[in-house]
Amino acid sequence: MLEKFRKWQYVFACIPAILGVTVLLFARGVIPFADRRAWLFLGALAAYGAVASIILFYLEKIRPKWNEYRYPVPMDKLIGTSDSPESHTGRDQHALDFVVPEGTEILAPRAGRVLEVKEDSSEGGPDPAFADKANYIIIGHDDGETTYIAHLKEGSARVWPGKVVFAGQLLAQQGSTGWTTEPHVHLAVYQDGVTIPIRFQKYP
Ligand SMILES: [Zn+2]
C-alpha cells in the first residue's frame, strides 16, 4: 500500500507549479486579491502539500526496513560473525562471514527465486587460489537485489535454479569449499554488481 502511495510523489511535485501559476495570476490582476475562494484554494493546496511531504519523509525513513535479511544459519549454531577485511574488499566490501560448525544448515536469508547453484566442488583451503572452488547459491529478490551465499558442502543443495524459496528455508549445508581458513558461511548482497550493507531482522 505504501509503495503505491510512493508513485503519487509525481503529483505532489506539481504543487509548487500550481502555486507559482496562482501567484502569477494574482500579480497580473487576473485574480483579485480580495477573492476569498482563491485564498481558500491556495491554503488547501499548501496544507495538502505539507501532509504529503510528511508522509513521503516517513516513507523514506522506513524504507530500509523493507529489505531486511535473516541470518543465513540457525542462531544456536552461530559462533561469531566477521567482516573478514582481508578477503572482503572492493565490490565485496560489505560481505559478511558467519562462523559455524562444519555441516551447519544454511537458511535462505530472504524470500526470492534461486538463480544459480554450484555444488560440485570438493576443494577448499586457506589460500586465495581456492577462491573459485567455492560451492554457492545465488538468490534473486523482487527489488533487484541478489544474495550470494558461499562455502556449501559438496552435493548438499536442496534447491535448484528457478525454485522459489521463503525466508528461513533450508538451502544446503556448510562445507569448507573455496577460500576459507575456518568453517563459515559467506553472505553477500549485491545491487548493480556491488555489495550493499544490509539490515538484519531482530531476533527475540
Ligand atoms: Zn567471506
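Trainee: Leaving aside its neighbours within four places in sequence, which residues is S176 in contact with?

Mentor: Bearing in mind that this is a predicted model, S176 is in contact with E102, G124, H151 and P183 once the neighbours within four places in sequence are set aside.

Trainee: And where is S176 found?

Mentor: S176 sits in the loop between β9 and β10, the latter being residues 178-179.

Trainee: Let's change topic to the core. Which residues have the most contacts inside the largest nonpolar core?

Mentor: They are F98, I106, I137, I149, L171, V185 and L187, in a core of 26 residues. At least two residues of this core come from each of β2 (96-99), β4 (112-118), β6 (136-140), β7 (146-150), β9 (170-173) and β11 (184-191).

Trainee: Which strand gives the most?

Mentor: That is β11, with four residues in this core.

Trainee: What does I137 touch?

Mentor: Not counting residues up to four places away in sequence, I137 touches V114, V117, I149, L152, A157, V159, L171 and A172.

Trainee: Back to β11, then. Why is it described as largely enclosed by the rest of the structure?

Mentor: Six of the eight residues of β11 are buried, and so the strand is largely enclosed by the rest of the structure.

Trainee: In what sense does β11 pair with β2 and with β7?

Mentor: The pairing of β2 with β11 is antiparallel, over four bridges, and F98 stands opposite V185 in β11. The pairing of β7 with β11 is also antiparallel, over five bridges, and here Y148 stands opposite A188 in β11.

Trainee: How many bridges join β11 to β12?

Mentor: Two bridges join β11 to β12, which covers residues 194-195, and these strands run antiparallel. Q191 has V194 in β12 as its bridge partner. The hairpin of β11 and β12 has two residues between the strands, and D192 takes a positive phi near 55° in that hairpin.

Trainee: You mentioned A188. Why does A188 count as buried?

Mentor: A188, which has its place in strand β11, counts as buried because it has 23 C-beta neighbours inside 10 Å. Leaving aside neighbours within four places in sequence, A188 is in contact with D92, A95, Y148 and T195. A188 and I149 are 39 residues apart in sequence, and their C-alpha atoms are 6.6 Å apart in space.

Trainee: What about after β12? Which residues does I198 touch?

Mentor: I198, found in the segment after β12, touches N67, Y69 and V189, not counting residues up to four places away in sequence. I198 and Y69 are 129 residues apart in sequence, with 7.1 Å from C-alpha to C-alpha. I198 is partly exposed, with 19 other C-beta atoms within 10 Å.

Trainee: One last thing: how is the protein divided into domains?

Mentor: Domain 1 takes in residues 2-66 and domain 2 takes in residues 69-195, and the C-alpha centres of domain 1 and domain 2 lie 47 Å apart.

Technical notes. Residues are numbered from 1 along each chain as its sequence is written. This is a predicted model: local features need pLDDT of at least 70, side-chain atom pairs count only at pLDDT 80 or more; totals for chains, interfaces and linings use all residues. A nonpolar core is a set of buried Ala, Val, Leu, Ile, Met, Phe, Trp, Tyr and Cys residues joined through C-beta atoms within 7 Å. A residue is buried if 20 or more other C-beta atoms lie within 10 Å of its own, exposed if 12 or fewer, and partly exposed in between; C-beta atoms are placed from the backbone. Two residues are in contact if their C-beta atoms, placed from the backbone, lie within 7 Å. Domain bounds come from an automatic or database domain assignment. Two strands pair if DSSP finds at least two bridges between them.
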